[in-house]
Amino acid sequence: MMKDAVIEHGESSMAPLVAASVAAGGVGRAVSIADVFLRFLAIVATIGSAVSMGTTNETLPFFTQFIQFEAKYSDLPSFTFFVAANAVVCTYLVLSIPLSIVHIVRPRAHYSRLILVFFDAAMLALLTAGASAAAAIVYLAHKGNVRANWFAICQQFDSFCERISGSLIGSFAAMVLLIALIFLSALALARRH
């Protein structure tokens with residue numbers, strides 16, 4: 001049994017479309033709230049990685065207290081690049097929070113979301129480069145390379161190696177969060193059309 005829709009004075013036949021638009025706005029708002037939350041998590045991961053790597057050093061005495069071996073992050077350019085990449089990505093994420101909050105208020109904003117997708121992808125590439133460069137050095141620190149006569153230093157500098165390995169974990173977590181941010185923004189853009 002079908003009921004006829006009666007349009008009264010002041011109503012329009014566009015009411016179902018308006019209701020669907022409001023529901024889509026609610027989904028867009030939820031996506032925007034998740035976007036802000038993921039950005040805060042990525043900020044914590046990148047700043048934690050940068051601080052952890054940037055404050056890493058260990059000194060070992062050799063025979064006497066006057067002769068010592070020191071391992072610090074600034075001795076290796078890959079670790080310096082890692083700290084700089086994490087700092088740049090963290091700064092970007094902090095600066096992108098206001099634009100993300102605008103998307104909560106205006107979930108239908110299109111161009112600003114495109115800008116976020118573009119810069120999120122660029123920051124993901126930078127973070128991946130920094131983490132990959134540092135991961136190669138961390139691997140050499142743990143395993144060494146017999147053919148090149150590079151010895152594993154983690155047997156002696158265990159605290160140093162634990163901290164640099166831990167900072168890599170935070171950076172790789174931030175990479176996963178940035179991938180999720182890109183997917184969320186793509187989802188919001190796809191739902192718009």
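A salt bridge here is a side-chain nitrogen of Lys or Arg within 4 Å of a carboxyl oxygen of Asp or Glu. Keep that in mind for the second stop. You are looking at a predicted model, in which local features need pLDDT of at least 70 and side-chain atom pairs count only at pLDDT 80 or more, while totals for chains, interfaces and linings use all residues. Residues are numbered from 1 along each chain as its sequence is written, and side-chain values use heavy atoms, with hydrogens and water left out.

**Stop 1: the whole chain**

Show the cartoon first. The protein chain has four helices and two strands, where helices (H or I, at least four residues) and strands (E, at least two) are DSSP runs, numbered from the N terminus. Follow the chain from the N terminus and the order is α-β-β-α-α-α. Of its 193 residues, 35% are buried; buried means under 20% relative accessible area, exposed over 50%, and partly exposed in between (1.4 Å probe, protein chains only).

**Stop 2: the salt bridges**

Now select Asp35, Arg39 and Asp120, which are linked in a network of salt bridges. The structure holds two such bridges. In one, Arg39 meets Asp35, at 2.8 Å from N to O. Both sit in helix H1 (residues 15–54), four residues apart, about one turn of the helix. Asp35 has a relative accessible area of 1%, so it counts as buried.

In the other, Asp120 and Arg39 bring their side chains together, again at 2.8 Å from N to O. Asp120 belongs to helix H3 and Arg39 to helix H1, so this pair ties together parts that are 81 residues apart in sequence. Are Asp120 and Arg39 buried or exposed? Both are buried, and Arg39 has a relative accessible area of 0%.

**Stop 3**

Phe119, in helix H3, is partly exposed at 38%.

**Stop 4: the largest pocket**

Next, select Leu76, Ile137, Leu140, Ala141 and Ile153, which lie nearest the centre of the largest pocket among its 13 lining residues. A pocket is an open set of points on a 1 Å grid over the protein atoms alone, where a 1.4 Å probe fits, with protein on both sides within 12 Å along at least five of seven lines; lining residues have an atom within 4 Å of a point. This one holds about 230 Å³ of space. Which helix gives the largest share of the lining? That is H3, with three residues.

**Stop 5: two pairs to check**

Finish with two C-alpha distances. Leu184 and Leu38 are 146 residues apart in sequence and 9.9 Å apart in space. Leu184 lies in helix H4 (residues 158–192) and counts as buried at 17% relative accessibility. Ala71 and Thr59 are twelve residues apart in sequence and 6.4 Å apart in space. Ala71 lies in strand S2 and is buried, at 8% relative accessible area.

Definitions and conventions. Grid points are joined across faces, edges and corners, and a volume is the space filled by probe spheres set on the points.
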